[in-house]
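The following exercises concern the sequence and structure shown below. Each task is followed by a solution in steps.

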Amino acid sequence: MNKIYLNRNIARLILLQRIELLGPIQKKVRKLFGRYFFTNFAAKYFMVPSLIGKKYLNSMEKEYEILSKYLNFDNKTILSIGSGMCGLELIINQKAQNNFFHIIEKNYVSEKVTYGWDNNNNEAYNNLSLLNIFLIKNGMKKKTFKVYNFDLDSLPIAKFDIIVSLFSLDYHYDFNLYLDYLKKILDEETQIIFDTIRPDYFENIFKNVKILQDNQNTVHKSKRIICSKLINRLNNI
Ligand SMILES: C[S@@+](CC[C@H](N)C(=O)[O-])C[C@H]1O[C@@H](n2cnc3c(N)ncnc32)[C@H](O)[C@@H]1O
């Protein structure tokens, strides 16, 4: 993929979802004028959409490279939790064959994005109409994905081969928010990948836990882990 379609509103969301794409001037503006100003004005007007698109594509290709060392994405049913603008899903769709993506996201942008740990899980930065436009305009076929609004829709029940949640589940909000749902859908083969500051905690939840990467240049110093096989006693809780 050499070029990505995006407009200013989509680029703004990408910038909020992937804060590492900020240039030095944007970082300064954020520091000087605060998060409210940054979220609502600077993230939209103090940037060049095509440049954000280029950087985003680059980052997502790197993410794909890391994940594809451990996972084969061909012929898979994939669940994405907090996928952001789905740059990773676009790359998977392009590089692998015959996938279906179920995508769970929120449909609003918080007034002031802080990137903290949010126990109430109120913070969000997405717009599901823009996400649909972004996917279709970048070549994803309508019949290969479905988007679910976390706050309004019933979440999909299916046999998932891979669940991916980069910098969302257990990075910004507690894994346990999804535990009951995950108990319904995880089977013996499902692999789940997410970023967390507490990898050891998951040794009591999954039989297999492996660290894929150390995230040093992110807001929270976290590890990316891949887990499988829920420990049985959890199924009875
Ligand atoms: C830091 S962004 C990461 C986006 C994307 N995974 C990436 O790596 O570019 C976190 C995303 O999680 C979403 N989010 C927050 N709470 C969520 C929830 N309960 N379920 C699904 N997505 C959620 C936000 O709207 C936001 O798009």
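**Exercise 1. Determine the strand order of the sheet and state which strands stand at the edges.**

Step 1. The seven strands form an open sheet in the order E3-E2-E1-E4-E5-E7-E6, and the pairing is mixed. Strands (E, at least two residues) and helices (H or I, at least four residues) are DSSP runs, numbered from the N terminus. Two strands count as paired if DSSP finds at least two bridges between them.

Step 2. E3 (145-149) and E6 are the edge strands; each has a single partner strand, so one side of each lacks a neighbour in the sheet.

Step 3. Ignoring direction, neighbouring strands of this sheet are turned against each other by 20° on average. For angles, axes are lines fitted to C-alpha atoms, for helices over the stretch in contact, and values run from 0 to 180 degrees between N-to-C directions.

The model is predicted: local features require pLDDT of at least 70, side-chain atom pairs count only at pLDDT 80 or more, and totals for chains, interfaces and linings use all residues. Residues are numbered from 1 along each chain as its sequence is written.

**Exercise 2. Describe how helices H4 and H5 are placed relative to other elements.**

Step 1. In H4 (residues 87-95), seven of the nine residues are buried, and the helix is mostly covered. A residue is buried if 20 or more other C-beta atoms lie within 10 Å of its own, exposed if 12 or fewer, and partly exposed in between, with C-beta atoms placed from the backbone.

Step 2. The buried residues of H4 include Leu88, Leu90, Ile91 and Ile92. Packing partners of the buried H4 residues are helices H3 (49-68) and H5 (128-137), together with strands E1 (77-81), E2 (100-105) and E4 (162-165). Contact requires C-beta atoms, placed from the backbone, within 7 Å.

Step 3. H5 lies across E2 and E3, and runs at about 170° to E3.

**Exercise 3. Decide whether Ala43 is buried or exposed, and list its contacts.**

Step 1. Ala43 belongs to helix H2 (residues 24-45).

Step 2. Ala43 is buried, because 26 other C-beta atoms lie within 10 Å.

Step 3. With neighbours within four places in sequence left aside, Ala43 contacts Arg12, Leu15, Leu16 and Phe38.

**Exercise 4. Characterise the shell around the ligand.**

Step 1. The ligand is surrounded by 19 residues, of which Gly82, Gly84, Ala124, Leu166 and Ser168 are the closest. A residue is included if its C-beta atom, placed from the backbone, lies within 6 Å.

Step 2. The shell divides into eight nonpolar, eight polar and three charged residues. Here Ala, Val, Leu, Ile, Met, Phe, Trp, Tyr, Cys and Pro count as nonpolar, Asp, Glu, Lys and Arg as charged, and the others, Gly among them, as polar.

Methods. Two residues are in contact if their C-beta atoms, placed from the backbone, lie within 7 Å.
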